[in-house]
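This report walks through side-chain pairs and packing in one chain. The sequence and structure come first.

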Amino acid sequence: MQTIHTDRAPAALGPYSQAVKHGNTVYLSGQVGIDPATGKLNNTSLDVEAHQVMKNIGEVLKAAGISYSHIIKTSIFLLDMSRFAEINAIYGSYFEKPFPARETVQVSALPAGAQVEISVIAAAT
C-alpha cells in the first residue's frame, strides 16, 4: 500500500491520507472545498465550492499520476438534495464518456461546514 499526498490539495483534517494506492486502485478520501492555499473553505457559492472540490480531487489524482479519466466510482455527499442539478452540472463538466459509477446522498452535516463532499475510486493503468 502506498499513500498519496500533495500540498496542492488540502491537508487531511484527521488521521487519514488524501489517497491510498493499493495495486492499481487509488482510493481518494472525501474532498471538500477547502482552498489549499488558504486552508479555508471556499464557499462563497455552491458553484465555487463544488469547483474547488473537483480541483482538489484533480490535484490528488495528479499526485497519483492519473487523471479524472481514471475515476471508476464516485460518492457525492450533499447537504441539500434540492441543489442536485447544480452539483450534477458542475460534476459532469469534469468528465467525458464513459462516466464513472456514482451515488449521491443527502447528509445532515459535512466537515468544515461544507455543502458538498466527493470521494472517488480510480484505476491506475
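Arg8 counts as exposed, because its relative accessibility is 55% and the cut-off for exposed is over 50%. The model is a predicted one. Arg8 forms a salt bridge with Glu59, and their closest N and O atoms are 3.0 Å apart. Glu59 sits in helix H1, while Arg8 sits in the loop between strand E1 (2–4) and strand E2 (19–22). The two are 51 residues apart, so the pair links distant parts of the chain. Glu59 itself is buried, at 18% relative accessibility.

**Salt bridges**

The count comes to three salt bridges. Side chains of opposite charge can pair when their charged atoms come close.

| Glu59 and Arg8 | 3.0 Å | Glu59 18%, Arg8 55% |

**Strands E6 and E7**

E6 (residues 71–78) and E7 (residues 101–106) run parallel and are joined by six bridges. Between them the chain passes through helix H2 (residues 84–92), and this β-α-β crossover is right-handed. One of the bridges pairs Phe77 with Val105 of E7.

**Helix H2**

Ile87, Ile90 and Tyr91 are buried in H2. Seen down the helix axis, the buried residues fall within an arc of 100°, so they line one face of H2. An α-helix has 3.6 residues a turn, so residues three or four places apart point the same way. Ala85 and Ala89 are exposed, on the face of H2 turned away from the buried side. The cover over the buried residues of H2 includes H1, E6, E7 and strand E8 (116–123).

**Aromatic pairs**

The structure holds three aromatic pairs. Tyr68 and Phe95 make an edge-to-face pair, because their planes stand at 80°, with ring centres 6.1 Å apart. Tyr68 lies in the loop between helix H1 (46–63) and E6, and Phe95 in the loop between H2 and E7, so this pair ties together parts 27 residues apart in sequence. Both Tyr68 and Phe95 are buried. Phe95 also pairs with Tyr91, and this pair is tilted: 4.7 Å centre to centre, 45° between the planes. Tyr91 has 7% relative accessibility and counts as buried. Phe95 has 10%. Tyr68, Tyr91, Tyr94 and Phe95 form one aromatic cluster.

Leaving out residues up to four places away in sequence, Asn56 touches Ala9, Pro10, Gln31, Val32, Gly33, Ile34 and Pro36.

Thr44 lies in the loop between strand E5 (40–41) and H1. Its relative accessible area is 68%, so Thr44 is exposed. Thr44 and Tyr16 are 28 residues apart in sequence and 27 Å apart in space, C-alpha to C-alpha.

Note on methods. Residues numbered from 1 in each chain as written. Predicted model: local features only at pLDDT ≥ 70, side-chain atom pairs only at ≥ 80, totals over all residues. Heavy atoms only, no water. Pairing = 2+ DSSP bridges. Helix = DSSP H or I, 4+ residues; strand = E, 2+ residues; numbered from the N terminus. Right-handed = clockwise from strand over helix to strand, strands pointing away. Phe/Tyr/Trp six-rings, centres within 6.5 Å; stacked < 30°, edge-to-face > 60°. Buried < 20%, exposed > 50% of the residue type's maximum accessible area, 1.4 Å probe, protein only. Arc of directions from axis to C-beta. Contact = heavy atoms within 4.5 Å. Salt bridge = Lys/Arg side-chain N within 4 Å of Asp/Glu carboxyl O.
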